[in-house]
Amino acid sequence: MNLSTLLGIVGSLLVFGSVIAFSSQDYDAFLNLPGLGIVLGGTIAATLMSYPFHEVMRVFRAGANAIREERYDVAQDLEEIVQVSRYWFSQNLRRIQDRLDQIHNPFLRTGIQLVIDDTPMDDVSDLLNWRMARLRAREQADAQMFRTMATYAPAFGMLGTLIGLINLLLTTENDDFTVIAVNLGIALITTFYGILLANLVFRPIAIKLERRTEERVVLMTMVLEGIMLMRKGRSPGYIRETLRSFMENHSDEIRQTVPNGEEEPTVDSHANESSDERR
């Protein structure tokens, strides 16, 4: 489990545990299995009606993977590209074939195989870009499914509230306060469960999946750039410095930072020119 997920889970448990401990005299009031069944069961049922079964099963596996630590060895991929490009630059195809079996990144391995097969540059670019687009579409679909579940959960929470209120109205003529308390608990707690699951489970998982997709696409873009440079016959040193600059500066394309770490103020040059003319 990655650190941010662990801190989020521990922090949420501490916050809600402290609030419940200081504000409630009966902790069991926040545990209502019928209300939880309405929210979870309804959300899962609506999701199954909205998406094919195999996609639902896949997205639950993706959710389990989202909370795990996933590190990408960018330096290793960069060094493998440089090493293979060195063999390619010297036309040592046998060494490339021997090295190819040791590459762990399947995207990089496919690109190198296309290059040594003398595939045209446009075909290499089209195939690798297609694989990137397919990965992005699949993982964005997984994140979108969790966002859909985040919209279903509060709705079924409100449905449980309506069910509890209807049952409560039917029992107002009786003096059995136990039945009234059960229905009132269902009416109140289902909305609580719906909001909690939507904003503390489903939506955070969707955001984490989207962030993971962005990181994977950045890495695949770096690999694609290295493959294309190797196909063009660039020197290994040129490829190394280009990819190193790419990985160091890909996050600074919108804002520049000054050396001390403070954000450099952005200045509109046209506005300055206009103000100078007015002065």
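Modeller: Let us begin with a definition: buried means under 20% relative accessible area, exposed over 50%, and partly exposed in between, with a 1.4 Å probe and protein chains only. This is a predicted model, in which local features need pLDDT of at least 70 and side-chain atom pairs count only at pLDDT 80 or more, while totals for chains, interfaces and linings use all residues. Residues are numbered from 1 along each chain as its sequence is written, and side-chain values use heavy atoms, leaving out hydrogens and water.

Colleague: Okay, so why does I44 count as partly exposed?
Modeller: I44 counts as partly exposed because its relative accessibility is 37%.

Colleague: And where is I44 found?
Modeller: I44 is found in helix α2, helices being DSSP runs of H or I with at least four residues, numbered from the N terminus.

Colleague: New topic: how many aromatic pairs does a search of the whole structure find?
Modeller: The search finds one aromatic pair, where rings of Phe, Tyr and Trp (its six-membered ring) pair if their centres lie within 6.5 Å, and planes under 30 degrees apart count as stacked, over 60 as edge-to-face and the rest as tilted. The ring centres of F192 and Y193 are 5.9 Å apart and the planes stand at 50°, so this pair is tilted.

Colleague: Are those two, F192 and Y193, buried or partly exposed?
Modeller: F192 counts as partly exposed because its relative accessibility is 28%, whereas Y193, with a relative accessible area of 8%, is buried.

Note on methods. Helices (H or I, at least four residues) and strands (E, at least two) are DSSP runs, numbered from the N terminus.
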